[in-house]
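Hello,

Please find the structure below. My notes on it follow.

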Number of protein chains: 2
Amino acid sequence: MSEPARIGLLGRGTVGGAFAKLVEERAGAVESVTGRRPELTGVLTRSDGDFEQILSASDVVVELMGGTDPARDHVLGALRAGKPVVTANKQLLAQHGEELFATAREAGVQLRFEAAVAGVIPIIRVIQESFGVTEVAKVFGIVNGTTNFILSEMASSGAAYEDVLRRAQELGYAEADPTEDVNGADAAAKMAILARLAFHTQVTLDEVDYEGIESIRPDDLAYAKELGLSLKLLGVAERRDGGISIRVFPCFLYRGHPLAPVEGPFNAVMVEAPEITEVTMSGPGAGGVQTASAVLGDVVSILSGDAPVHEVRADLPVVRDVTSSFYLHLEVADEPGVLAQIARVLGEKGVSVKSVVQRGLGDDARLVMVVHEAPEDSFIGAVQEISRLDFLRSPPRYIRVIEEEFV
Amino acid sequence: MSEPARIGLLGRGTVGGAFAKLVEERAGAVESVTGRRPELTGVLTRSDGDFEQILSASDVVVELMGGTDPARDHVLGALRAGKPVVTANKQLLAQHGEELFATAREAGVQLRFEAAVAGVIPIIRVIQESFGVTEVAKVFGIVNGTTNFILSEMASSGAAYEDVLRRAQELGYAEADPTEDVNGADAAAKMAILARLAFHTQVTLDEVDYEGIESIRPDDLAYAKELGLSLKLLGVAERRDGGISIRVFPCFLYRGHPLAPVEGPFNAVMVEAPEITEVTMSGPGAGGVQTASAVLGDVVSILSGDAPVHEVRADLPVVRDVTSSFYLHLEVADEPGVLAQIARVLGEKGVSVKSVVQRGLGDDARLVMVVHEAPEDSFIGAVQEISRLDFLRSPPRYIRVIEEEFV
């Protein structure tokens, strides 16, 4: 049996607790990818545990305490002791990034922080590794889930900022003290980190100009809707006039903009460069298990060293009987009872109709419908039966539909 | 001076040529990330070059020939010689993946293939590295840019399949023989690769059921629009009933679905798992320089070994004078000449109006407009002047707008 991978965990709040649980659940998968089974060798909480003891018993240190004190000392201590570190702490990185990166380089160990920006979206890995030698022109997006939830709710309900903020707090999307989220400071810290990585330059927090969403009124959102606009709190870092500009501000987007459909507590980040055109990534911006999953991905990368060569770990049969929703297009004689007969055939096969468009065409009519998800065999059986009905004017046509309606 | 990184290039078509150019352009960046300056030590084309000679002179082999013969022999030969390989060859991986992966593992060298699926979108890295221990439930998306371009064009122009295909060929989005793209076979090969990586199981090409878009008619798209649907050629790989299902088929999506706004020759892939909810990535699906950029990202990862620790390579000043488009909200007395006066003030500052909504409110009116991009100083100067006009009923409000209208 190989050596276990000993993980020292600093902090056991929402994310720390979810991480501890995930390590246990995914231990087998981690072992099959990295060759080493992960185990928690110690947990440091506010009231319990000894940092030096945990450090000496660990191969990797995971910092999920938040705040900069004592997180900074612990992370520096771990790096100096030659232990790779994974952290989700955006303030720590935005305020003390230079010191931490320099210490990691001197010690020759990895410092990973995927979960610090945009939750489960692997934007740090992609910018550092996929686009590490790409001349990035612009990184921008929605990097705060709390404000995106609030703006989505205000737009859809017409409710006032204060009411929606209260609702966000009840749902756990906003903290008791939401100041850092709603005034743009949280997004500013994340943009400082992204700008540093994308442009390979030093960035300090006071170089990021930011505004929040506190003064947005429901009628701005209502008028904007008439103009085809939706509001987001954007972080934008871009090359400009030989330098860079990093800003956070509320901003309207036209429909069709890749960020316009990003609703609720989701985040999304776009990277633009001449050689890649643009790449957009979106996903949940927070959540205990989602953040923990990003942290675990970093731990696995540290344990893997080189990129893993793909290896089979399962033997899954291919399943071919599936259920689908369908679009069905029928040309029929325009006479009474036709729709009823078609609906009867579908109903007998357990297929129910979701929506119908009927259009006259002289003596004929066109009947276009969407049916709810059903076993494909049942639907196709129903269509075969329908195709034999004597009022049918041409063979039925059908195309699958994904039934989920978002927004 | 450190040793150069010697790259042996197999194939010099569109992507091969773009890669050779990009290596030269980005050599300095590659050196600063990896410590080694890349150089092409040999290029194998159909008519020129000797594989064994190129192999022995290379540290990394990049295969961009396409097809499986002689690409398979060359890639196997390189791996057996202990040389890491980067390839963009989806057919090679879909048909001979097991053999290639096993050979790479035995030799203890990396085999990377980001560019083989979804162009510049780093889906391979994200699935293998970020989500390597994630219990992925479903991977699906638009993985063929040719068909997405054709379907987008048919929907927007109402033109017939054959006409749009011809236009796609003229624009270089479809090949002279488009069969593999339009019948779904290309997407099937990509989905076989994604399914293998996401579910860690063997997948052979004949386990992927596929349909193409050849029989889609313009009036299906027109009716579907009335039902709020847009059509995509989807690849879907998912866990189902203890096994997996892998399929490619044309499919309608409701507006608001994350894949619905993906238009033209773009690709997009979604990954779903309980611990990550869902992550969506989109970007250009092909293009010489875009594909070459994905190949170069793989080369850099091979040369880097461990993930790079962030290091400053530039010293960029922060630029704060920027231009923006704005939404402007004004409450004014409802009297003649008001709009003209406001437009005059804006015009004097070089700010031009893009769209206006005016609404009466008893004696007052609300004037909401979007102005085109202008220096922020100019716009704010104009607003200050407007706020002093005597018909203004409350202070002006403004919010930035991203002016690009997509679609």
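**Notes on the model**

Four bridges join strand 1 of chain B to strand 3 (residues 60-63) of chain B, and the two run parallel. Strands are DSSP runs of E, at least two residues, and helices are runs of H or I, at least four, numbered from the N terminus; two strands pair if DSSP finds at least two bridges between them. In strand 3 of chain B, Val61(B) stands opposite Gly8(B).

This is a predicted model: local features need pLDDT of at least 70 and side-chain atom pairs count only at pLDDT 80 or more, while totals for chains, interfaces and linings use all residues. Residues are numbered from 1 along each chain as its sequence is written, with chains lettered from A and ligands numbered from 1 in the order in which they are written.

Strand 1 (residues 5-10) of chain B also runs parallel to strand 2 (residues 38-44) of chain B, over six bridges, and Leu9(B) has Val43(B) as its bridge partner there. Five of the six residues of strand 1 of chain B are buried (20 or more other C-beta atoms within 10 Å of a residue's own, C-beta atoms being placed from the backbone).

The contact between the chains takes 102 residues from chain B and 102 residues from chain A (C-beta atoms, placed from the backbone, within 7 Å). Strand 9 of chain B gives the largest share of the chain B side, ten residues. Strand 9 of chain B also pairs with strand 15 of chain A, in the parallel sense, over three bridges; Arg400(A) stands opposite Cys251(B).

Regards

Notes. A residue is buried if 20 or more other C-beta atoms lie within 10 Å of its own, exposed if 12 or fewer, and partly exposed in between; C-beta atoms are placed from the backbone. Two residues are in contact if their C-beta atoms, placed from the backbone, lie within 7 Å.
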